[in-house]
Amino acid sequence: MAFLLSGSDVCRLTQPSPIPNPYWVAISRSAAKLIGLNLGDDGLPTDPKWLELLAGNTLETASHHFSSPISTVYSGHQFGVWAGQLGDGRAILLGEIQGQELQLKGAGKTIYSRMGDGRAVLRSSIREFLCSEAMHGLGIPTTRALSVIGSDLPVRRETIETAAVCARLAPSFMRIGHFEHFAAQGNISRLQELAELLIKEHYPQCASHPEPQLELFKKICERNARLVAQWQAVGFCHGVLNSDNISVLGLTMDYGPFGFMDQFDINHICNHSDQSGRYAYHRQPQIMHWNMACLASAFMPLLQRRYDAKEAEVLLRDALDEFPAIFADEWQSLFRKKLGLIKAHADDIKLIERLLQLMHDSRVDFTTLFRQLAYVKKGQAVDEISLRNLFIDRPSIDQWLHDYLLRLDIEDENDASRRNAMHSVNPKYVLRNHLAQAAIEKARNHDFSEVRRLLKVMSDPFSEQIGIEYYALPPPPDITKVAVSCSS
Ligand code: AMP
Ligand code: MG
């Protein structure tokens, strides 16, 4: 983004700080393809300079030269409170390749690092890498992860860990926080440049609209409303939905203490540091809406160039008020598909909500339940449906299954085609915390096989993959729950 917006109030030239003896932890072939980077049979770039580049140790490969790496400034609301200026404290944007910005996270201090060391640890880098690519595999908009490069450089967190650099790709890493920053500064011309840039590069359809900036605001809201519905539909909790972690392109970004739910709990809090549950599963839609309200405030000065304050406020408020309906529409459509319902029926929402309530009451595994639901056959006797055994309240689930079977009778599809359709939207494999944790523990001993295996499994999450049933299962009861916090 900031390539076209230069100026020391927007970004600063920032050299990555080298790491000693870098080594490959993982690289994503499909992300590499996005930038035309070919990998050899060993799964690595043929040009060894790429290891140095993605470690932050050089700015040159045989094919690319990045002359002006930068870090950008943004501000934001963290846990509902205005945090003032933040910025890329440990992310350095090298440049753009084939429409993708290439950013190194953990590449050392920037002028926005504040008290931080500019580094990221191996653990959090592997989590971000795997989840970015898993999310892409699920078909959910996300920033991508190209690679993780490790080093034995010690990094102090609660304990001493080692450093890693995660290379990320996105058409733009612009956040709500970028707009909030210039609005807070009262820098209207910068604000306007940001909006114009965003329209030109990423929302060209807004340009011909009579009110391009209002239209841009609506489109950003719409993308993020649909995004959060997609998270809900796979049981994903982001963990830190601060406005500086929200993309203006509607991409999932800044993977930290995220979690895919195992046992369904609508109040699930995946971030150990989130004591009040601000970012609990069921609150994600309203929090995303709240973040859009932060964006609306930042857009006020833009609209005030043509309208008085009252009119601008009404226009933005009306646009913001569309969020819940867009979210609900997307949510309903996704959950209908999850249940194999192609026709829309007025009572479907009640049916979906009753199932979720029963799953919550019995803490049923979110992912496996929807996968199993696809095996229900039209006309089947309720007491032959084995998934009823997962529920404590047997009479209620039996009543639900009875109603579901009646509802399926309205559908024209036969059992096999409904099952295929359901399996194409209900993943078999998601990046469960215990799986990521096992890969991290091996990686700490320089064994990266499990990271690479998970990358492969999660890149094709809807297909039955032979011989890897373990990756589809909920965590075994003897596995202690992985606690993830903001520390990264
Ligand atoms: P996060 O919670 O990871 O989104 O980070 C919030 C802010 O703190 C962002 O501006 C980050 O760039 C910055 N930050 C996080 N960790 C570090 C670190 N180790 N060094 C410098 N800045 C950091
Ligand atoms: Mg962040």
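1. Arg354 is partly exposed, its relative accessible area being 33%, and the residue belongs to helix H10. The model in which this value was computed is a predicted one. When residues up to four places away in sequence are not counted, Arg354 touches Gln399, Trp400 and Asp403.

2. Helix H12, which covers residues 394-409, has 16 residues, and the distance from its first C-alpha to its last is 23 Å, close to the 22 Å expected at 1.5 Å a residue. Its buried residues are Ile397, Asp398, Trp400, Leu401, Tyr404, Leu405, Arg407 and Leu408. The packing partners of the buried residues of H12 are helix H10 (348-362), helix H11 (366-373) and helix H13 (415-423). Trp400, which is one of the buried residues of H12, is also among the residues that Arg354 touches.

3. Ser113 sits in the loop that runs between strand S7 (100-105) and strand S8 (120-121). Is this residue buried or exposed? With a relative accessible area of 8%, Ser113 is buried, because buried means under 20% relative accessible area. Once its neighbours within four places in sequence are left aside, Ser113 is in contact with Gly89 and Gly118.

4. The magnesium ion (ligand 2) is coordinated, at 2.1 Å, by OD1 of Asn245 and by OD of Asp254. Asn245 and Asp254 are both buried.

Notes. Residues are numbered from 1 along each chain as its sequence is written. Chains are lettered from A and ligands numbered from 1 in the order in which they are written. This is a predicted model: local features need pLDDT of at least 70, side-chain atom pairs count only at pLDDT 80 or more; totals for chains, interfaces and linings use all residues. Side-chain values use heavy atoms; hydrogens and water are left out. Donors are N, O and S atoms within 2.8 Å of the metal (3.2 Å for Na, K and Ca); water is not among the atoms, so sites may look incomplete. Buried means under 20% relative accessible area, exposed over 50%, partly exposed in between (1.4 Å probe, protein chains only). Helices (H or I, at least four residues) and strands (E, at least two) are DSSP runs, numbered from the N terminus. Contact means heavy atoms within 4.5 Å. The expected span of a helix is 1.5 Å times one less than its number of residues.
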